[in-house]
Amino acid sequence: MKNIKLISHPLIEHKLSFLRDKNTDPFQFRLLVDEITYLMLFEACSDFELKDTTIKTPICETKSKKLKTKVTICPILRAALGMLDGVFRLIPDASVGFLGFQRNEKTLQAEFYYSKLPKDVEKNIVIIIDPMFATGSTAISAVKHLKEQGVKDIKFISLIAAPQGIEKFSKIYPDVDVYLAAIDEKLNEKGYIVPGLGDAGDRIFNTL
């Protein structure tokens, strides 16, 4: 699966240990999600194209570089809202589009309920963010929706994934790169990642 990019970094692995720990409180959990997202974004943006520009420093005029294409971040509600600050610290001028999916606990499939995208989203690089990549159902539905809106350049950033989810996703969308901090062992009978970290949304927003 060439589109699956596992980001191996000592600081990310260190922070993941605390993120997984059930004794980590919501405040610390939110900080860790933010920090890991920030570190992962460097890798996810490493192939962004630049354009030449001219700026004036306090000393003189000089040639410089800026991003060639605008970036839109698409958090999947609600858990991915905890990843937004990490993104904004690196790409403060990114636009944001929101995608809402709710998991059907019987079928374990993602049910689409909300979309709010920037008007020019089809011209942008779109980065979907979601802490957990479990069955792959949500990711597949999100990419399908964006492609239907004309988006051509899509990336996906997730913290922890299950092998079943990324394998299913890659068969359908091998053209979409997925950046992960960890690939765990499996899914359990309820569709949760094992060992995972529990429900990311509940831990971020303290709704356990």
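1. Helices (H or I, at least four residues) and strands (E, at least two) are DSSP runs, numbered from the N terminus. Histidine 14 is found in helix α1. With a relative accessible area of 46%, histidine 14 is partly exposed; buried means under 20% relative accessible area, exposed over 50%, and partly exposed in between (1.4 Å probe, protein chains only). Histidine 14 and isoleucine 36 are 22 residues apart in sequence, and their C-alpha atoms are 9.9 Å apart in space.

2. A note on the basis of the values. This is a predicted model, in which local features need pLDDT of at least 70 and side-chain atom pairs count only at pLDDT 80 or more, while totals for chains, interfaces and linings use all residues. Residues are numbered from 1 along each chain as its sequence is written, and side-chain values use heavy atoms, with hydrogens and water left out.

3. The largest nonpolar core has 39 residues. A nonpolar core is a set of buried Ala, Val, Leu, Ile, Met, Phe, Trp, Tyr and Cys residues joined through side-chain atoms within 4.5 Å. Leu19, Met40, Ile127, Ile129 and Ile157 have the most contacts inside this core. The elements that give two or more residues to it are α1 (10-20), α2 (26-44), β4 (71-77), α3 (84-90), β8 (125-129), β10 (153-161), β11 (177-183) and α6. The most comes from α2, with seven residues.

4. Leaving aside neighbours within four places in sequence, methionine 40 is in contact (heavy atoms within 4.5 Å) with Ile7, Ile12, Ile157, Ser158, Leu159, Tyr179, Leu180 and Ala181.

5. UniProt, in an unreviewed entry, places the feature "binding site" at Arg78, Arg103, Asp130, Pro131, Met132, Phe133, Ala134, Thr135, Gly136, Ser137, Thr138 and Asp199. UniProt positions are given in the numbering used here, feature names are shortened, and annotations may be inferred rather than shown by experiment. From this set, the lining of the largest pocket takes in Arg78, Arg103, Asp130, Pro131, Met132, Phe133, Ala134, Thr135, Gly136, Ser137, Thr138 and Asp199. On a 1 Å grid over the protein atoms alone, a pocket is an open set of points where a 1.4 Å probe fits, with protein on both sides within 12 Å along at least five of seven lines; lining residues have an atom within 4 Å of a point.

6. The unreviewed UniProt entry also places a "binding site" feature at Ile193, Gly198, Asp199 and Ala200. The lining of the largest pocket includes Ile193, Gly198, Asp199 and Ala200. Isoleucine 193 lies in strand β13 (residues 193-194) and counts as buried at 9% relative accessibility. Glycine 198 lies in the loop between β13 and α6 (200-205) and is partly exposed, with a relative accessible area of 41%.

7. Phenylalanine 133 belongs to strand β9 (residues 132-133). Its relative accessible area is 2%, so phenylalanine 133 is buried. Not counting residues up to four places away in sequence, phenylalanine 133 touches Ala139, Phe156, Ser158, Ile160, Ala161, Ala162, Gly165, Ile166, Phe169, Val178 and Ile193. Glycine 136 lies in the loop between β9 and α4 (137-148) and is buried, with a relative accessible area of 5%.

8. The structure holds six aromatic pairs. Rings of Phe, Tyr and Trp (its six-membered ring) pair if their centres lie within 6.5 Å; planes under 30 degrees apart count as stacked, over 60 as edge-to-face and the rest as tilted. The rings of phenylalanine 169 and tyrosine 173 have centres 5.8 Å apart and planes at 55°, so this pair is tilted. Phenylalanine 169 and tyrosine 173 are both buried. Ring pairs link Phe133, Phe156, Phe169 and Tyr173 into a cluster.

9. Some backbone details deserve a check. Most residues other than glycine have a negative phi, and most peptide bonds are trans. The peptide bond from leucine 77 to arginine 78 is cis, with omega near 0°, and arginine 78 lies in the loop between β4 and α3. Another cis peptide bond joins valine 194 and proline 195, with omega about 0°. Asparagine 206 is not a glycine, yet has a positive phi of about 55°. Asparagine 206 lies in the segment after α6 and is exposed, with a relative accessible area of 53%.
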